[in-house]
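Trainee: I have a structure to go through with you. Can we test each label against its cut-off?
Mentor: Gladly. Show me the structure, then ask.

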Amino acid sequence: MSTARRFTLFSTAGLAVMLVIGLLLGYAAGFLTPHSSSPGDTSPEAGFARDMSAHHAQAVAMGMLAQSKGNKVEVRGFGSDIALTQQAQIGMMDQWLRDWGVNPNTEAAPMSWMPDGMNQLDNGLMPGMATQAEMDALAAASGPAFDRLFVQMMIKHHLGGIHMVDGVLSQTHNGDVTWLADAIKSGQQGEVTALQNLQKQLG
């Protein structure tokens, strides 16, 4: 059974339960990973963890919409995979902030941890993030139109996330951050390629 077909067995409620499990697994991974240093409140590592968690949260919302509303089984499978993976990663990054003793909330502007990052904001949004109007349009769409819009938005979202990952990789020497950033980049690059191939099928 393919990954896409396997995930269609989950109801929306079932996916919500799996998201909670993913979050807990993310916390567990944070506890089990040794921490040799503690980045400070204004460090690139803390800024990345906060901003990427917010970035991921939107991808989780998009993924849950795709899991429940996708017309093609491949879209529903992508939605489940993205939601579960990124929710677990949110848990890991939140645990880092706790371990580092920094506040998960900040008054710092998004992307301020990244050189020239604030100039890359689009109407205050981090790279790749959808506007509220775009999220509303996705929620309202159905059938093949939903699939096309989801794939288009998620490709843009992933490319923005990869850009943020490159930003932190150029600044950090923290082993935990490097490991997760590399995993995010590798996973999202693979998904972008697969989503672009699906986009060609959808027309």
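Trainee: What share of the contacts in the chain with a separation of 6 or more comes from residues 24 or more positions apart?
Mentor: The share is 80%. Contact here means heavy atoms within 4.5 Å.

Trainee: What kind of model is this?
Mentor: The model is predicted: local features need pLDDT of at least 70, side-chain atom pairs count only at pLDDT 80 or more, and totals for chains, interfaces and linings use all residues. Residues are numbered from 1 along each chain as its sequence is written, and side-chain values use heavy atoms, with hydrogens and water left out.

Trainee: How many helices and strands does the chain have?
Mentor: Seven helices and zero strands. Both are DSSP runs, numbered from the N terminus: helices are H or I with at least four residues, strands are E with at least two. The pattern along the sequence reads α-α-α-α-α-α-α.

Trainee: What makes H3 roughly antiparallel to H6?
Mentor: The angle. The axes of H3 (residues 44–69) and H6 cross at roughly 165° and come within 11 Å. Axes are lines fitted to C-alpha atoms, for helices over the stretch in contact, and angles run from 0 to 180 degrees between N-to-C directions. Under 35 degrees counts as roughly parallel, over 145 as roughly antiparallel, 65 to 115 as roughly perpendicular, and the rest as oblique. H3 is therefore roughly antiparallel to H6.

Trainee: What is the handedness of the crossing of H3 and H6?
Mentor: Left-handed. The term applies if the near helix is turned anticlockwise from the far one by less than a right angle; clockwise gives right-handed.

Trainee: Which residues of H3 and H6 meet?
Mentor: On the H3 side, they include Phe 48, Met 52, His 55, Met 62 and Lys 69. On the H6 side, Phe 146, Phe 150, Met 154, Gly 160 and Val 168 are among them. By class, the contact has 14 nonpolar, six polar and two charged residues. Ala, Val, Leu, Ile, Met, Phe, Trp, Tyr, Cys and Pro count as nonpolar, Asp, Glu, Lys and Arg as charged, and the others, Gly among them, as polar.

Trainee: At what angle do H4 and H6 cross?
Mentor: Roughly 35°, with the axes of H4 (residues 73–100) and H6 (residues 143–169) coming within 11 Å. H4 passes H6 in a left-handed crossing. Val 75, Phe 78, Gly 79, Ile 82 and Gln 86 in H4 meet Phe 146, Asp 147, Phe 150, Met 154 and His 158 in H6. That contact holds six nonpolar, three polar and one charged residues.

Trainee: How many salt bridges are there?
Mentor: Four. The rule asks for a side-chain nitrogen of Lys or Arg within 4 Å of a carboxyl oxygen of Asp or Glu. Arg 50 and Asp 41 meet it at 2.5 Å, N to O.

Trainee: Why is Arg 50 called buried?
Mentor: Its relative accessible area is 10%. Buried means under 20%, exposed over 50%, partly exposed in between (1.4 Å probe, protein chains only). So Arg 50 is buried, and Asp 41, at 38%, is partly exposed.

Trainee: What about Asp 94 and Arg 98: buried or exposed?
Mentor: Asp 94 is at 18%, so it counts as buried. Arg 98 is at 55%, so it counts as exposed. They form a salt bridge, with the closest N and O atoms 2.9 Å apart. Both lie in helix H4, four residues apart, about one turn of the helix.

Trainee: What makes Lys 185 and Asp 166 a salt bridge?
Mentor: Their side chains meet at 2.7 Å, N to O. The pair links distant parts of the chain: Lys 185 in H7 (residues 175–202) and Asp 166 in H6, 19 residues apart. Lys 185 is partly exposed at 24%. Asp 166 is partly exposed at 33%.

Trainee: Why does Met 111 count as buried?
Mentor: Its relative accessibility is 0%, so Met 111 counts as buried. Met 111 also has a positive phi of about 70°, although it is not a glycine. Its place is in the loop between H4 and H5.
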